[in-house]
There are 2 protein chains.
Amino acid sequence: MTHRYPRLLDLRVILVFAGLCAAAIPAPAQTPAPAGDQSIAVRYRDAADRLIGAALADSTAYRRLGVMVDTFGNRLSGSVSLERAIDWVLAQMRTDGLEGVRGEPVMVPHWVRGRESAELIRPRSYSLHLLGLGGSVATPAGGITAPVLVVGSFDELTRRAAKAKGKIVLFDFPFDTTASPFAAYGQAVQYRVRGPSAAARVGAKALLIRSVASRSMQSPHTGVTIYDSTVARIPAAALSVEDAELLHRLQDRGETAVVRLAMEASTLPDAPSRNVVAELRGSERPDEVVVVGGHIDSWDVGQGAMDDGGGAFAAWQAVRLMKQLGLRPRRTVRVVLWTNEENGGRGNLGYRDRYAADLERHVLAIESDNGVFAPLGFGVSGSDSAVALASQIGGLLAGIKAGVVERETQGSEADVEPLVDRGVPGMGLKVDASRYFWYHHSAADTFDKIDAGDMARCVAALAVMAYVVADLPEPLPR
Amino acid sequence: MTHRYPRLLDLRVILVFAGLCAAAIPAPAQTPAPAGDQSIAVRYRDAADRLIGAALADSTAYRRLGVMVDTFGNRLSGSVSLERAIDWVLAQMRTDGLEGVRGEPVMVPHWVRGRESAELIRPRSYSLHLLGLGGSVATPAGGITAPVLVVGSFDELTRRAAKAKGKIVLFDFPFDTTASPFAAYGQAVQYRVRGPSAAARVGAKALLIRSVASRSMQSPHTGVTIYDSTVARIPAAALSVEDAELLHRLQDRGETAVVRLAMEASTLPDAPSRNVVAELRGSERPDEVVVVGGHIDSWDVGQGAMDDGGGAFAAWQAVRLMKQLGLRPRRTVRVVLWTNEENGGRGNLGYRDRYAADLERHVLAIESDNGVFAPLGFGVSGSDSAVALASQIGGLLAGIKAGVVERETQGSEADVEPLVDRGVPGMGLKVDASRYFWYHHSAADTFDKIDAGDMARCVAALAVMAYVVADLPEPLPR
């Protein structure tokens, strides 16, 4: 996932984002139970229990996730592996008997990493652990060899701007492991997103960052960077936390570290991809839609099992279980596995534009993109009354400890954000994300990090929330 | 460290070792306090407090460790970096004013990794994360391309022996994260040490293991392997835990994984190295010696900061602080930074042989080789009365929670084992090793894993134990 800067290309949002994350937007006071309160708890108890029971008993989604990530590997936009994985998912959805199974075309950015390396030349020879940032330009053919200037923050770069010219600037901004993971990410990711242009502005030849990660075992973490159009585009890569600290220590001891950075990264013409869509059509109001999904694309390292294969397959399984149990709600439930969440958001923008005329009838859009760790509940981007109603539905999930519903304070999930902007209530599945940034965007985002039981509880939470909202007599309040 | 199979070249010991580790050798019953009991607590309270206070206030060892590992990097036997690091340590010891500072020559094995890679060829193309095992032979120039047979244990290999011929065998034996770290290591490391010959015996072309690690982020872990002279030597490497599980899942789904393994490893003629020795000569009985040390060599990945730069420098600092405080004990305290602990043990054997005639006057040999994490106390390889006396000294360390003294149940520390075999009482510094096998023998064994406060407490524990034993009127009972 890349939320925390919901619209990737909206720099304005990115620029204010760290502030937003830190701001403690107060959650609404616990809304007193309205008169009809008992009805949800009573009316949907049986359906919820059936969905929860089926989710906990059926490991299909977990097994399918293993097959997909082991068979196709990671799935960056523009890659053959992404499109093959999409073909495979569509075929499986058809065997599930889901309705309206389709791939909805969208053109996506096509960035290719190519070979890349960073060598410490002085004071001693050493191969640094790095991953180029998504969207980075290449170095010249022979690489860039320059002394390194390490700074801890944008402020420090400003103070030392005169020393940056001709250097490779390294931002060694630590991940605050004492803060909530997403708040800490919101701070640190600024250096990945804005770092290259900040460094270019003071004359740097290339930009390195300390990987945005809450734990490291020499595994660098990639992710998108965004160039400011007003300054030169310089090559940009993430070092492992260990190697960033090494360069910082050398500088602190008065040693000049010289690094040769070589990157072959290239951006090719946009490539065709697809959002994966399948439905369970509503029994009474099929034109009203509850969307539940995750994203099918990933970065080009690891397996994209946590980010976001697990979330995508959990959403798919939620709808599959409704179908299997014969639980067809009044409204349509539509599973959407967005493409290109990681480096462009073209999937979610494409969905918004394709369904622009139908968004009034989109009752809710849920995304699961925080890993399928132990679920806690939902964050709601919507009105107080939507939060209050969702809280009642959350009560059905108390038995699996996934019933906490709160107003979203850290920005909508990336793929539902364009819908939220058009007035559609949004939700994100909240989980125990304490290990999320150990693996995020790294080679360690692999299937073994997924716990089958946790994933099953995520399926249950998504299924109950989507089903009940789709079946309620009245739409979720806007 | 490589203890758990104390004599690397004694296969008999290795073969029975897992059993030994599991055997619960009962600790001696708490010895009733003898008459002179109060004397240690009273007589040495002041010296202990001074040593503890100085250890906690003086971060020289921590800073020197950073300088050494950042300047010279890792330090495999036979490497230039090891010998340069030894030169640097000797020079620093002389500036400390330690006595008898010297490098004592020993010839060490000289294994060189060379380039190495493992590519999954089928069912899809993927670069596996691997590290060759120390001592492995090379593959033929074009590599070895073969189907993989995954087994979970030696027993399973025996059962499926008919399927192993011509294959690359992968042992996917998991690290038992529910057991104590060293007990779990003792089990799993058998596959690293004995795996290649077990696989060769049933006709395998090469051997892969799941890295012996209690947590993984795609970081493979190396370590020594030992060929049985009765079967062919086949190339051997460790995969990351993630990649071992990937190959296992593929096999479980009925897919044949084909891997091309290419390794250029070579064993060169033995190379000269040195044990680093320095002393604080005893005021009354200078010929009686307390040894305290760690090992200066490391594997050829990461920085060898945890294994065992930290332990070695903590021992050095313990003696340095006695010198600085003017605490000269009756007997000589000798810091020894052994070379070649990791792949041969030539340093500890060389020490034993050089001092063969003096071992009767070696009162105690302490090693710190479990990482300088939060210290807990000491494990004693010696008589019940030695354990009882050491427990009294441990009482002086209760204030820093490092005072638990128990009989060693899992084998002596590797570098003191040859002395223990000759009757010298041995000790190992015990620490909170819960993260030790996250980083052990991997690229993630770097300086950032060392906590300055924990390391200082390790220094304090070593200093107090070594000083008091060296100063007691009577030698530690044998």
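Here are some worked exercises on this predicted model, in which local features need pLDDT of at least 70, side-chain atom pairs count only at pLDDT 80 or more, and totals for chains, interfaces and linings use all residues. Residues are numbered from 1 along each chain as its sequence is written, chains are lettered from A in the order in which they are written, and side-chain values use heavy atoms, with hydrogens and water left out.

**Exercise 1. Work out how many helices and strands chain A has, and how compact it is.**

Step 1: Start with the elements, which are DSSP runs numbered from the N terminus (helices are H or I, at least four residues; strands are E, at least two). Chain A has 14 helices and 16 strands.

Step 2: Now check the radius of gyration, taken over C-alpha atoms; the globule rule is 2.2 Å times the number of residues to the power 0.38. Chain A comes out at 23 Å, close to the 23 Å the rule gives for 478 residues, so it is as compact as a globular protein of that length.

Step 3: Look inside. Buried means under 20% relative accessible area, exposed over 50%, and partly exposed in between (1.4 Å probe, protein chains only). Of the 478 residues in chain A, 64% are buried.

**Exercise 2. Find how chain A and chain B are related.**

Step 1: Superpose the copies by least squares on the C-alpha atoms of residues with pLDDT of at least 70 in both. Chain A lands on chain B with an RMSD of 0.0 Å, using a turn of 180 degrees and a shift of 0.0 Å along the axis.

Step 2: Name it: that's the relation of a two-fold axis.

Step 3: Find the axis in chain A. The C-alpha nearest to the axis belongs to A:Met217, at 3.0 Å.

Step 4: Compare the contact residues (contact means heavy atoms within 4.5 Å). Both copies use the same surface, as 100% of chain A's contact residues recur in chain B.
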